[in-house]
Amino acid sequence: MFLGSLAVILLFSITMSVMLGPVSIRPDTVWKIALVKLPIMEHLITVDWSKSYEHIIWDIRFPRAFLGAIVGAGLAIVGVAIQALVRNSLADPFILGVSSGASVGATLVIIFGTFSLFGHYALSIAAFLGSLLSVVIVFFLSQVGGRISTVRLLLAGIAVSMILSAVTSFIVISSPREEGIRNALFWMMGSLAGAKWEYITIPAIAVSLGIIFLLTQSRSLNTLLMGEETAKTLGVNIDVFRKLLIIVTALLTGVIVAVSGAIGFVGLMIPHIVRLIIGSDHRRVLPVSAFVGAIFIIWADVFARLISSPEELPIGIVTAICGGPFFIWLLRRSSYSFGGGDR
């Protein structure tokens with residue numbers, strides 16, 4: 001029932017996202033244009049709108065709304081998994097250096113035009129390769145005798161992030177064009193402005209598979225919150241599960257960052273909100289976090305588009321404005337706990 005209500009809210013959010021903008025469009029027109037794209041419906045709906053409306057709704061706003069839902073859901077579930085992995089409520093999807101690695105690849109494309117042989121996909125491919133490289137480095141640095149150490153994982157992630165952030169800064173200040181600097185900074189703060197239907201398929205498949213995989217591992221995620229010894233007693237192979245979780249979450253984050261830039265606070269904040277409402281059972285936390293993350297990003301994007309129209313704010317600014325006060329409030333809640341105890 002609760003998930004059904006969230007699904008209705010998500011559908012409403014997508015509708016409002018497509019309706020709102022410099023050109024306001026009626027909700028019935030929005031869904032008529034969407035339905036007419038279905039082969040079985042194209043002859044049943046009377047076309048009473050202009051081609052320009054169809055272009056705005058189908059080619060610009062719908063891809064943006066769907067990409068926002070995919071990105072929000074993906075970042076939220078990765079946040080849930082990472083926080084369980086390291087048993088730290090302040091962990092987020094970018095803790096493994098994924099964001100910093102993606103930023104290096106993206107800024108090379110934006111400023112110097114590298115990977116141009118990939119055409120329109122150059123930015124996404126370069127960002128994904130950068131994120132993958134950073135994760136590989138962190139993965140090997142965090143191993144001790146073939147086993148992953150949580151402390152070394154966190155420290156390696158921080159160190160690699162700082163180094164790659166410095167590399168990104170060097171690339172940006174080396175730009176021969178002021179416009180290149182602005183575009184790079186805008187991408188690093190996150191945006192859905194480049195959303196197109198052809199960019200949605202891969203992240204949609206990745207996030208769907210990620211949710212399914214994590215749901216199948218919900219019992220193991222629950223046992224991680226009880227501590228390593230308890231998890232081992234309950235039959236969880238900690239070393240193998242940890243490596244698998246790192247690989248899955250890192251690849252998932254890399255795919256998301258490649259299409260949206262680095263949107264902060266979603267994977268940090270949404271899991272907290274969900275746990276405050278429904279508890280820490282990952283069988284419920286994962287699907288609810290996916291819905292709440294999707295809804296949050298859609299409305300953050302609407303706000304980013306409308307607040308300074310016709311200009312557009314990076315979504316990262318909106319999420320930070322929401323996330324900062326939330327964590328200040330969370331710090332003041334002495335009763336809040338994560339897993340088995342206060343953090």
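1. Phe265 is placed in the loop that joins helix 11 to helix 12. The model is a predicted one, and its backbone at Phe265 deserves attention: phi there is near 75°, a positive value in a residue other than glycine.

2. Phe115 sits in the loop between helix 4 and helix 5. Phe115 is not a glycine, yet its phi is positive, at about 60°. Its relative accessibility is 30%, so Phe115 counts as partly exposed.

3. The packing of helices comes next. Two packed helices are described by the angle between their axes and the distance between the axes. For helix 3 and helix 12 (residues 266-278), the angle is about 75° and the axes are 7 Å apart. Helix 3 and helix 12 are therefore roughly perpendicular to each other, since angles of 65 to 115 degrees are classed in this way.

4. Which residues of helix 3 meet helix 12? On the side of helix 3 they are Gly72, Leu75, Ala76, Gly79, Val80 and Gln83. On the side of helix 12 they are Val266, Gly267, Leu268, Ile270, Pro271, His272 and Arg275. Sorted by class, this contact of helix 3 with helix 12 has 7 nonpolar, 5 polar and 1 charged residues.

5. Helix 3 (residues 51-86) also packs with helix 2 (residues 27-35): their axes come within 10 Å and cross at roughly 80°. Helix 2 and helix 3 are therefore roughly perpendicular to each other. Helix 2 brings Thr29, Val30, Trp31, Ile33 and Ala34 to the contact, and helix 3 brings Tyr53, Glu54, Ile57, Trp58 and Phe62. The residues of this contact of helix 2 with helix 3 divide into 8 nonpolar, 1 polar and 1 charged.

6. Val207 belongs to helix 8 (residues 197-216). Val207 counts as buried because its relative accessibility is 6%. Beyond residues up to four places away in sequence, Val207 touches Ile70, Ala73, Gly74, Ile77, Leu252 and Ile256. From Val207 to Gly72 there are 135 residues in sequence, while the C-alpha atoms of the two are 9.9 Å apart in space.

7. When neighbours within four places in sequence are left aside, the contacts of Ser260 are Val71, Gly190, Ser191 and Leu192.

8. Val292 is part of helix 13 (residues 282-306). Its contacts, apart from neighbours within four places in sequence, are Leu6, Ile270 and Val274. Val292 and Ser260 stand 32 residues apart in sequence, and their C-alpha atoms are 18 Å apart.

9. Ser103 is located in helix 4 (residues 98-112) and counts as buried because its relative accessibility is 6%. Not counting residues up to four places away in sequence, Ser103 touches Thr168, Trp187 and Met188. Leu164, in helix 6 (residues 150-173), is buried because its relative accessible area is 16%. Leaving aside neighbours within four places in sequence, Leu164 is in contact with Gly97, Ser100, Gly101, Val104 and Ser134. Between Leu164 and Glu311, which are 147 residues apart along the chain, the C-alpha separation is 30 Å.

10. The last point concerns empty space. Rolling a probe the size of a water molecule over the atoms shows where such space is left. The largest pocket holds about 490 Å³. Its lining consists of 17 residues, and those nearest its centre are Ile110, Leu123, Trp187, Ala193 and Gly194. Helix 5 (122-141), helix 7 (178-188) and helix 11 (238-260) each contribute at least two residues to the lining of the largest pocket. By class, that lining has 9 nonpolar, 7 polar and 1 charged residues.

Conventions: Residues are numbered from 1 along each chain as its sequence is written. This is a predicted model: local features need pLDDT of at least 70, side-chain atom pairs count only at pLDDT 80 or more; totals for chains, interfaces and linings use all residues. Side-chain values use heavy atoms; hydrogens and water are left out. On a 1 Å grid over the protein atoms alone, a cavity is a set of points where a 1.4 Å probe fits but cannot get out, and a pocket is an open set with protein on both sides within 12 Å along at least five of seven lines; lining residues have an atom within 4 Å of a point. Grid points are joined across faces, edges and corners, and a volume is the space filled by probe spheres set on the points. Helices (H or I, at least four residues) and strands (E, at least two) are DSSP runs, numbered from the N terminus. Ala, Val, Leu, Ile, Met, Phe, Trp, Tyr, Cys and Pro count as nonpolar, Asp, Glu, Lys and Arg as charged, and the others, Gly among them, as polar. Axes are lines fitted to C-alpha atoms, for helices over the stretch in contact, and angles run from 0 to 180 degrees between N-to-C directions. Angles under 35 degrees count as roughly parallel, over 145 as roughly antiparallel, 65 to 115 as roughly perpendicular and the rest as oblique. Contact means heavy atoms within 4.5 Å. Buried means under 20% relative accessible area, exposed over 50%, partly exposed in between (1.4 Å probe, protein chains only).
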